[in-house]
Amino acid sequence: MKPTLLVLAAGMGSRYGGLKQMDGLGPNGETIIDYSIYDAVQAGFGKVVYIVREYFLEQFRETVRKKYSHVRCADGSPLEFVFVTQELDKIPAGFSVNPERQKPWGTGHALLMAREVTDGPFAVINGDDYYGRESFRIAADWCRAHEGTRGVYAIVGFELDHTLSESGGVSRGICHYDSDMQLTGVVEHLNIAKDPDGMVSGDNSETSEHVRFDGRTLCSMNMWCFTPDYFEGSKRLFKDFLRQSGSELKAEFYLPFTVDRMIKDGEARCDVLSTPSHWFGVTYKEDRPGVVAKFAQLVAEGVYPSPLYD
């Protein structure tokens, strides 16, 4: 069984100043997605679903065709690619869009775009985040172990120390879980940074309380694993969202919200999987030189070939 990888790549990256999913950061112009695909294939994924916007679909499709047309899975079969688009008007029948709204409906809505092309366990990642090879192996192993199951999902949690920025404070979803490593909630914290004494602290977005953390505290970097029944519950919750907030201009239907609701409603449980990998990514243009340096170092250490794809 070869799991499917869903890549959330519909964002333009307004703070970054361009389509960062296409930005070459590796020694030979490799993008972050290129490294994610490479790691996913090594871990045993056999299909990639890109979730993009219609206006850059053809550019994205052509880039993928040129780079990955020769890529083979571990069993020698071609790596399969599918493209779906996220647009404002792709909503259930009976609902309408506020004509003044411009942005799509968020990450939870984006995942629903892949409903018709995903028929087995799958993992979800952001297109502009580097997750590391071990994270993909953990996700693939979980997917293979849960073929045919329902109501069991997973989040790949990163140690907070492994996700901080040298440029300043960051926002992270702190994972809360019980003694059985079952997720009970994800709480957004702002301005997270390392203190002079080596501890990590940030501001709880719900209570405004300043909280200190152990650096090994697990946080969400939006790497999830699901079985296909997730789409059923998510679609129902999206309809509820549209009834309550569909007329608002900026309300978004986020993926973590759907998982949280399903857990609290008793419809699902979510395993917390800890990864030793170090995350990095680009949020602002100022982050770019550091990411370029990290990829150069990984190549120098032999973690990746250069060029990544011949």
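1. Valine 71 touches Val41, Ser77, Pro78, Leu79 and Tyr309, leaving aside residues up to four places away in sequence; contact here means heavy atoms within 4.5 Å. Valine 71 lies in the loop between helix H2 (57-68) and strand S3 (80-85), where helices (H or I, at least four residues) and strands (E, at least two) are DSSP runs numbered from the N terminus. With a relative accessible area of 9%, valine 71 is buried (buried is under 20%, exposed over 50%, partly exposed in between, with a 1.4 Å probe and protein chains only). From valine 71 to methionine 22 the C-alpha to C-alpha distance is 19 Å, at a sequence separation of 49 residues.

2. This is a predicted model, in which local features need pLDDT of at least 70 and side-chain atom pairs count only at pLDDT 80 or more, while totals for chains, interfaces and linings use all residues. Residues are numbered from 1 along each chain as its sequence is written, and side-chain values use heavy atoms, with hydrogens and water left out.

3. Helix H5 (residues 230-245) packs against helix H6 (residues 255-264) at an angle of about 105 degrees, with the axes 10 Å apart. That makes H5 roughly perpendicular to H6 (65 to 115 degrees; under 35 is roughly parallel, over 145 roughly antiparallel, the rest oblique). On the H5 side the contact uses Tyr230, Gly233, Ser234, Leu237 and Asp240, and on the H6 side Leu255, Thr258, Arg261 and Met262. By class, the residues of this contact are four nonpolar, three polar and two charged.

4. The whole structure holds 31 aromatic pairs, a pair being rings of Phe, Tyr or Trp (its six-membered ring) with centres within 6.5 Å; planes under 30 degrees apart are stacked, over 60 edge-to-face, the rest tilted. The rings of phenylalanine 122 and phenylalanine 231 are stacked, because their centres are 5.2 Å apart and their planes at 15 degrees. Phenylalanine 122 is in strand S4 (residues 122-126) and phenylalanine 231 in helix H5, 109 residues apart. Phenylalanine 122 is buried at 0% relative accessible area, and phenylalanine 231 is buried at 2%.

5. Phenylalanine 238 and phenylalanine 253 form a tilted pair, with centres 5.1 Å apart and planes at 45 degrees. Phenylalanine 238 belongs to helix H5 and phenylalanine 253 to the loop between H5 and H6. Both phenylalanine 238 and phenylalanine 253 are buried.

6. The charged end of arginine 172 sits over the ring of tryptophan 279, 4.7 Å from its centre (NZ of Lys or CZ of Arg within 6 Å of the ring centre and within 35 degrees of the ring normal). Lysine 294 places its charged end over the ring of phenylalanine 280, 5.8 Å from the centre.

Terms used. Axes fitted to C-alpha atoms, helices over the stretch in contact; angles between N-to-C directions. Nonpolar A, V, L, I, M, F, W, Y, C, P; charged D, E, K, R; others polar.
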